[in-house]
Amino acid sequence: MRAVFVVVLALSLVVLLPEAAWACPVCFDSSDENRQAFIATTVFLSLLPLGMVAGAGLYVRKRSRDLTDESSNSESLD
Amino acid sequence: MPAKRPAKREPVIPNGVLGMMIFIFTEIMFFSGLISAHTIVKSQAAGQMWPPYGQPRLPIEETALNSLALLVSGMVLVFTWFAFKRDPGQARIPLLLSIILGSIFVGFQGAEWAALLADGLTMQSSSYGGFFYLIVGSHAVHAVGALLALLWTYDRLNKDELRSSQLATVSAFWYFVVLVWPILYWQVYL
């Protein structure tokens with residue numbers, strides 16, 4: 001219930017008070033380029049590790065399936 | 001009757017390659033952090049002027065040619081892998097060529113640094129200079145480390161002691177050095 005309240009409050013801030021929602025304690029100026037750079041790098045640095053871990057997981061799963069297929073094929077030939 | 005032992009299964013990824021993959025993941029995050037910091041500082045430049053007024057310009061064309069040497073070195077290393085799979089003896093020349101091309105890249109970068117220092121671009125001259133030496137210098141340290149690893153690989157190949165997992169591990173590191181460079185070039189030089 002509390003989580004829903006926080007989400008509704010955050011969404012209300014974005015919709016009703018966009019300037020307050022964009023307020024950033026570490027942004028040094030409010031220029032558009034600067035804001036865009038902060039948003040882009042935040043998205044990039046948040047998604048990159050998730051993408052790498054997901055990619056590695058998918059690769060390991062594929063390799064594991066390939067090896068299982070190979071070993072079952074060689075057993076059936078024996 | 002003795003219990004039948006299960007057949008030993010090949011590891012999904014060789015241990016060396018797995019270790020190198022984890023190391024490369026951390027390196028990707030390291031360079032991403034540097035690129036992000038560079039992007040933000042660039043966006044805050046006074047009057048959106050980047051490079052800042054009074055700072056020397058980077059040699060874009062010469063470095064593009066030098067980047068080509070690095071990219072070709074990476075491609076030659078792919079051929080080295082296939083040659084090694086066919087016959088390890090055939091991998092000697094492409095591996096040596098890859099090392100030579102990589103050395104040309106590092107050597108040219110060193111000469112470029114000397115020229116830029118003489119022109120007044122230093123770590124202290126501006127955030128532009130600071131980021132240039134930090135990002136390109138970090139890449140150079142990785143390139144030198146990877147070249148030393150390739151030389152070790154070449155030595156083992158000459159002694160007929162090189163295993164395919166060792167070549168794959170060192171190659172993965174060199175591919176990282178090669179593939180991260182165009183991104184750094186685009187961010188820092190262009």
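How many residues does helix 5 of chain B have, and how far does this helix reach from its first C-alpha to its last? The model is a predicted one, in which local features need pLDDT of at least 70 and side-chain atom pairs count only at pLDDT 80 or more, while totals for chains, interfaces and linings use all residues. Residues are numbered from 1 along each chain as its sequence is written, and chains are lettered from A and ligands numbered from 1 in the order in which they are written.

Helix 5 of chain B has 25 residues and reaches 36 Å from its first C-alpha to its last, close to the 36 Å expected at 1.5 Å a residue, the expected span being 1.5 Å times one less than the number of residues. At Trp181(B), shortly before the proline Pro182(B), this helix has a kink of about 25°, where the bend is the angle between axes fitted to the seven residues ending at a position and the seven starting there.

Chain B contains 5 helices and 0 strands (DSSP runs numbered from the N terminus, with H or I over at least four residues for helices and E over at least two for strands). Along its principal axes the C-alpha trace of chain B spans about 85 × 35 × 20 Å. Of the 190 residues of this chain, 22% count as buried, that is, with 20 or more other C-beta atoms, placed from the backbone, within 10 Å of their own.

Buried residues of helix 5 of chain B include Leu167(B), Trp174(B), Val177(B), Val178(B) and Trp181(B), and the buried residues of this helix pack against helix 1 (15–43), helix 2 and helix 4 of chain B. The largest nonpolar core has 21 residues, and among those with the most contacts inside it are Ala146(B), Leu150(B) and Trp174(B); such a core is a set of buried Ala, Val, Leu, Ile, Met, Phe, Trp, Tyr and Cys residues joined through C-beta atoms within 7 Å. Two or more residues are given to this core by each of helix 2 (60–86), helix 3 (92–118), helix 4 (127–158) and helix 5 (164–188) of chain B, with helix 5 giving the most, 8 residues. When residues up to four places away in sequence are not counted, Ala146(B) touches Phe173(B), Trp174(B) and Val177(B), contact being defined by C-beta atoms, placed from the backbone, that lie within 7 Å. A second, separate core of 6 residues includes Tyr128(B), Phe132(B), Val136(B) and Val188(B).

Methods. A residue is buried if 20 or more other C-beta atoms lie within 10 Å of its own, exposed if 12 or fewer, and partly exposed in between; C-beta atoms are placed from the backbone. Two residues are in contact if their C-beta atoms, placed from the backbone, lie within 7 Å.
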